[in-house]
Amino acid sequence: DYDWKLYRPIVEFCRLNQVPVAALNVPRELTKSISKVGFAGLTDAEKKDLGPVDFNVKAHRDHWYPQFSHGHGQNKPSAGQQERSYQVMTAWDDYMAQSATNFKKDRQLKRMVILAGSGHVEYGFGIPDRIAHYGGGRVVTVGIAEIKGPDDEKEAREMGYDYIICI
């Protein structure tokens, strides 16, 4: 959903320099299905396409689940809607981690760079911890933070990145 102009220079650089590129996102059809019927309501084929998903990472759930307690322009969501929103986020993180790990192994890469939204990386329990779980190797996270004052810098440091680019 992000503007192609944000990624185009990076993809063009990779293409010109023969750097392998992979899209890691979970297919939109799967996230739409999870949003509608929840993980348990997926067909066996959909579950197979998604692969294993760990919905019980305590730190991840403790952080994200409460954030889904408000709707997108609607009244407070039901408990089922909140759980399905959490399941979408979790499936997304797990799928990207599996995709990255498989791409790295299939291509026999020593290292790779993943561009992902901060919500999938901060605190380490989204993509980073899941990559480590799938045997994808050591993970280092880099966040970008706009620093307008001392509180912004403190908040950026608390997000658990290994490195922060401050702008």
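This is a conversation about how the words used for this predicted model follow from its computed values.

Trainee: What should I keep in mind about the model and its numbering?

Mentor: This is a predicted model, in which local features need pLDDT of at least 70 and side-chain atom pairs count only at pLDDT 80 or more, while totals for chains, interfaces and linings use all residues. Residues are numbered from 1 along each chain as its sequence is written, and side-chain values use heavy atoms, with hydrogens and water left out.

Trainee: Why is Cys14 called buried, and what is Cys166 called?

Mentor: Buried means under 20% relative accessible area, exposed means over 50%, and partly exposed lies in between, with a 1.4 Å probe and protein chains only. Cys14 has 12% relative accessibility, so Cys14 counts as buried, whereas Cys166, at 45%, counts as partly exposed.

Trainee: How many disulfides does a search of the whole structure find?

Mentor: The search finds zero disulfides, a disulfide being a pair of cysteine sulfur atoms within 2.5 Å.

Trainee: Why is the pair of Tyr123 and Phe125 called stacked?

Mentor: Their ring centres are 5.7 Å apart and their planes are at 15°, so this pair is stacked. Tyr123 is partly exposed, at 35% relative accessible area, whereas Phe125, at 8%, counts as buried.

Trainee: How do you know that Lys47 lies over the face of Phe39?

Mentor: A charge sits over a ring if NZ of Lys or CZ of Arg is within 6 Å of the ring centre and within 35 degrees of the ring normal. Lys47 lies over the face of Phe39 at 5.2 Å from the ring centre, so the distance is within that cut-off.

Trainee: What is the span of helix H5, and what span is expected?

Mentor: Helices (H or I, at least four residues) and strands (E, at least two) are DSSP runs, numbered from the N terminus. Helix H5, residues 79-106, has 28 residues and reaches 40 Å from its first C-alpha to its last, close to the 40 Å expected at 1.5 Å a residue. The expected span is 1.5 Å times one less than the number of residues. Just after H5, Gln108 takes a positive phi of about 55°.

Trainee: What makes a set of residues a nonpolar core, and which residues touch the most other members of the largest one?

Mentor: A nonpolar core is a set of buried Ala, Val, Leu, Ile, Met, Phe, Trp, Tyr and Cys residues joined through side-chain atoms within 4.5 Å. The largest core has 15 residues, of which Ile34, Leu50 and Trp64 touch the most other members. Its largest share, five residues, comes from H5.

Trainee: Why is Arg138 called exposed?

Mentor: Arg138 has 78% relative accessibility, which is over 50%, so Arg138 counts as exposed. Arg138 lies in the loop between helix H6 (127-133) and strand E1 (142-145).

Methods:
Phe/Tyr/Trp six-rings, centres within 6.5 Å; stacked < 30°, edge-to-face > 60°.
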